[in-house]
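Biologist: Please show me the model, and then I will ask how its terms are applied.

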Amino acid sequence: MLITVLFSLLVSSVLATEKDSALPRLNDTKATEAFVDSAEVVVIGFLEGEESDSYKELVAAAKRVDSVPVAICSVKEVWADYSVSSDTITLFRKADNHQENLVVTEIKKIEADGLVNFITVNEVRYITEYNQVTAVGLFHSEVKSHLLLFANRGTKEYTNLKKKLRALAPEFTGKFLFVLINGAVKSNSRSLGYFGLKSQDLPRVGIYDADSDMKWLLPEGEISTERVQEFCQSFLRGELKEVKQAGDEPKTEL
């Protein structure tokens, strides 16, 4: 009797472990669309089965990047909806409506470390904190205009403004990437200096356009949703090109 109980517990433990390591399966287009729409950034492994090394490495990577939902889809009719024709690990993000494909056959060896790097580099959100890792995804995006929030982490303004601009960002999907630059980090002093700013000047809001390599600051004052919204619209209307750029002299304003 005791042996039977112990065997049952062992089987239950193994099944639970297998279940915990499994990724959600997407079996049709509707389920896949819902999953893609469920978060700002998601990853889908368009893989033929769970026996491959690609699947096992993706499961391992998913456990290490718990901020990004990960699922698997083995239905090739669904693959066609996303222009996928062979085993591919794909990252979807809402901030710039981008689909980043990692085609398995184009990689010498697929490993969890490489997949974690693929996800974290491309994890661009509605508002993305700037650092050496996220900079790669930000500057490889097809959206070249950045709305920058300069603020010092730990201050009340930091949390409130991050939340405020996060709510505004979806309105400018495909037009701006919203980027948070923590002025309290020493390595970001160069970014502040580019705009003629120092940590004690924050919080401030600016725009950087990578295509023209031009930059502007929102004038000092309350950083309201309405002012930032109009600032962005002024850029899109081409009005800022007639305005003196930030950073030419200390404290230069829009």
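Modeller: A polar contact is a pair of N or O atoms within 3.5 Å; within protein, one must be able to donate a hydrogen and the other to accept it, and residues adjacent in sequence count only if both atoms are side-chain atoms. This is a predicted model, where local features need pLDDT of at least 70, side-chain atom pairs count only at pLDDT 80 or more, and totals for chains, interfaces and linings use all residues. Residues are numbered from 1 along each chain as its sequence is written, and side-chain values use heavy atoms, without hydrogens and water.

Biologist: What does the side chain of N152 reach at 3.2 Å?

Modeller: The side chain of N152 reaches the backbone nitrogen of A184. It also makes a polar contact with the side chain of S199, at 3.1 Å.

Biologist: Why is N152 called buried?

Modeller: Buried means under 20% relative accessible area, exposed over 50%, and partly exposed in between (1.4 Å probe, protein chains only). N152 has 16%, so it is buried. N152 lies in the loop between β6 and α7; helices (H or I, at least four residues) and strands (E, at least two) are DSSP runs, numbered from the N terminus.

Biologist: Which residues of α7 are buried?

Modeller: Y158, L161, L165 and L168 are. The face turned away from them carries the exposed residues K156, K163 and A167.
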